[in-house]
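Hi,

Here is the model for you to open. My notes on salt bridges and on one helix follow below it.

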Amino acid sequence: MRIDVITIFPELIESFAAVSLIGKACDDGLLAITTHDPRQEATDVHRSVDDAPFGGGAGMVMKPEPLFATIEQADCPRPVIYLTPSGRRFDQATARELAAGDGLTLICGRFEGIDQRVRDELVDDELSIGDYVLAGGEVAATVVIEAVGRLVPGVLGNAASVEEESFSHGLLEYPHYTRPAEFRGWQVPDVLRSGDHARVDRWRHAQALLTTARVRPDLLAERGGLDKSDRKVLAEFGLLDQLPPGFGSDDSS
Ligand code: JF5
């Protein structure tokens, strides 16, 4: 899979892409991450990539010529994606769709953003990693690279963990424990040490349901709320009364 990144801070993306899981995937030939600096395409003596906005107002806007020149000259892979708080929310479903393709290009904006003609004529999709404003799109690009890259076949050692993980089944993760069984007096739950694998699976499912109900009730609603078997497994571990208001089985509202 080829991922090209248009950025005036290529070293930010390159340092990220050189290490850890993504660095290994690049070394193994599974991922090819290439940066393109639009400043290299700027034609004026100052190598300007930004200019004042037409119509006035605060801040600067990234000029269209260096961005068009960069993308056309590098023959960047599609889809071309602009990272912006105005985009549609990037999520695991989008990561899966992108990982199923053979490449993508990420445009990192700086200043107030990029000239609208780049968005109209060059960009295929606009993605946001969340409802906050960054100083530039580079950190958002690293988020997309990691979420997509780890789904490319061969990048993760253990394919089972991809299938099992959070969001694949629309629930948040259950609690994880490792040795020691007692740490500073805090015990690992007995059920995890019982050797009863079916009961362990039910406990984990009950914990995932409870955490999701408390932290992300919207995810549980999307999944269709709690059904009869969900309530049964919560009851098995005495967790029904820990559900937040609105999920209680004795809810009279
Ligand atoms: C950016 C103008 C792009 O801030 C972001 C961002 C937030 N969520 N997803 C992306 O991107 C950088 C800032 C200002 C355009």
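The structure holds 13 salt bridges (a side-chain nitrogen of Lys or Arg within 4 Å of a carboxyl oxygen of Asp or Glu). This is a predicted model: local features need pLDDT of at least 70, side-chain atom pairs count only at pLDDT 80 or more, and totals for chains, interfaces and linings use all residues. Residues are numbered from 1 along each chain as its sequence is written, and side-chain values use heavy atoms, without hydrogens or water.

Helices (H or I, at least four residues) and strands (E, at least two) are DSSP runs, numbered from the N terminus. Both Glu-138 and Arg-110 are buried (under 20% relative accessible area; exposed is over 50%, partly exposed in between; 1.4 Å probe, protein chains only).

Arg-202 and Glu-236 form another, again at 2.8 Å between the closest N and O atoms. Arg-202 lies in helix α8 (residues 197–215) and Glu-236 in helix α10 (residues 228–236), so the bridge ties together parts 34 residues apart in sequence. Salt bridges with shared partners join Arg-199, Arg-202 and Glu-236 into one network.

Now helix α4 (residues 92–100). Its buried residues are Gln-92, Thr-94, Ala-95, Leu-98 and Ala-99. They cover an arc of only 155° around the axis, which puts them on the same side of α4. The arc is taken from the directions from the helix axis to the C-beta atoms. Exposed Glu-97 and Ala-100 are on the face turned away from that buried side.

Best wishes
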